[in-house]
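I opened these notes to keep track of what I looked up, entry by entry. The order is the order in which I went through the model.

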Amino acid sequence: MISAPIENALNRQIETEARSSQFYLAMASWADTQGLSGVSKFLYRHSDEERQHMLKLIHYVNERGGKAIIPQLDKPPADFDSVQSVFKDLFEHEQNVTREINDVVDACLTEKDYTTHNFMQWYVSEQIEEEAMARNILDKLALIGNDKGGLYLFDRELGGLETHGEG
Ligand code: OFO
């Protein structure tokens, strides 16, 4: 059975994962309208994965005697300035997610909930992968700059790239 502080912390994390999924879905749909089919495919997949991260938490909370709350979400942006700004936003968003995951881990230690602490380790390693991936993509985009041919190849490559971490 999880304690109330842990239940609340996990419910906040459910909302964060739902927000990530919604945010990346907005990015994917925007990329779709810009002819960036590879980028869009990558982001649709990433959005699906965030939904899996959310579901994994929902199941855990309910299995451990808590009650998962399905959150209401703000409307994400409909437009983005550029592919660069999309991935800059994504990277910043993931860094915030990492901080939030660390807060849940902190709460587990305070509450001496080692079962949830163990469960959260999957999310801790997932964040390492996600931040590394976003940083990698930003580095590539910095190299490409305004080169249209480079962007074309980048789009193709991203369409075939694996995202990370299906729950
Ligand atoms: Fe759920 O890993 Fe990104 O946010």
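Entry 1, terms and ground rules. I take contact to mean heavy atoms within 4.5 Å. The model is predicted, so I note that local features need pLDDT of at least 70 and side-chain atom pairs count only at pLDDT 80 or more, while totals for chains, interfaces and linings use all residues. Residues are numbered from 1 along each chain as its sequence is written, and side-chain values use heavy atoms, with hydrogens and water left out.

I looked up which residues Ser 47 is in contact with, leaving aside its neighbours within four places in sequence, and found Ser 21, Tyr 24 and Leu 25. Ser 47 itself lies in helix α2, residues 37-63. Helices here are DSSP runs (H or I, at least four residues; strands would be E, at least two), numbered from the N terminus. Is Ser 47 buried or exposed? Ser 47 counts as buried because its relative accessibility is 4%; the cut-offs are under 20% relative accessible area for buried, over 50% for exposed and partly exposed in between, with a 1.4 Å probe and protein chains only. A polar atom of the Ser 47 side chain lies 2.8 Å from the backbone oxygen of Ser 21. From C-alpha to C-alpha, Ser 47 and Tyr 24 are 5.1 Å apart in space, and in sequence they are 23 residues apart.

I found Glu 94 in helix α3 and Gln 127 in helix α4. Glu 94 counts as buried because its relative accessibility is 1%, and Gln 127 counts as buried because its value is 5%. Their side chains make a polar contact of 2.9 Å. A polar contact is a pair of N or O atoms within 3.5 Å; within protein, one must be able to donate a hydrogen and the other to accept it, and residues adjacent in sequence count only if both atoms are side-chain atoms. The side chain of Gln 127 also has a polar contact of 3.1 Å with that of Thr 98. Leaving aside neighbours within four places in sequence, I listed Glu 94, Val 97, Thr 98 and Ile 101 as contacts of Gln 127. On the same terms, Glu 94 is in contact with Tyr 24, His 46, Glu 50, Gln 127, Glu 130 and Glu 131.

Glu 17 has its place in helix α1. I marked Glu 17 as buried because its relative accessible area is 1%. Setting aside neighbours within four places in sequence, its contacts are Glu 50, His 53, Met 54, Leu 57, Val 97, Ile 101 and Tyr 123. I also checked Gly 38: its C-alpha atom is separated by 23 Å from that of Glu 17, and the two are 21 residues apart along the chain.

A nonpolar core is a set of buried Ala, Val, Leu, Ile, Met, Phe, Trp, Tyr and Cys residues joined through side-chain atoms within 4.5 Å. The largest has 24 residues, and Met 27, Val 39, Leu 43, Phe 87, Ile 137 and Phe 154 have the most contacts inside it. To this core, α1 (4-33), α2, α3, α4 (114-144) and α5 each supply at least two residues. The most comes from α1, with seven residues. Apart from this core lies another, of 20 residues, with Met 54, Ile 58, Tyr 60 and Ile 101 among them. I then looked at Val 39, which touches Ala 31, Val 83, Phe 87, Phe 154, Asp 155 and Leu 158, not counting residues up to four places away in sequence.

Where is Lys 112 placed? I found Lys 112 in the loop between α3 and α4. Lys 112 has a positive phi of about 55° although it is not a glycine. Lys 112 counts as exposed because its relative accessibility is 59%.
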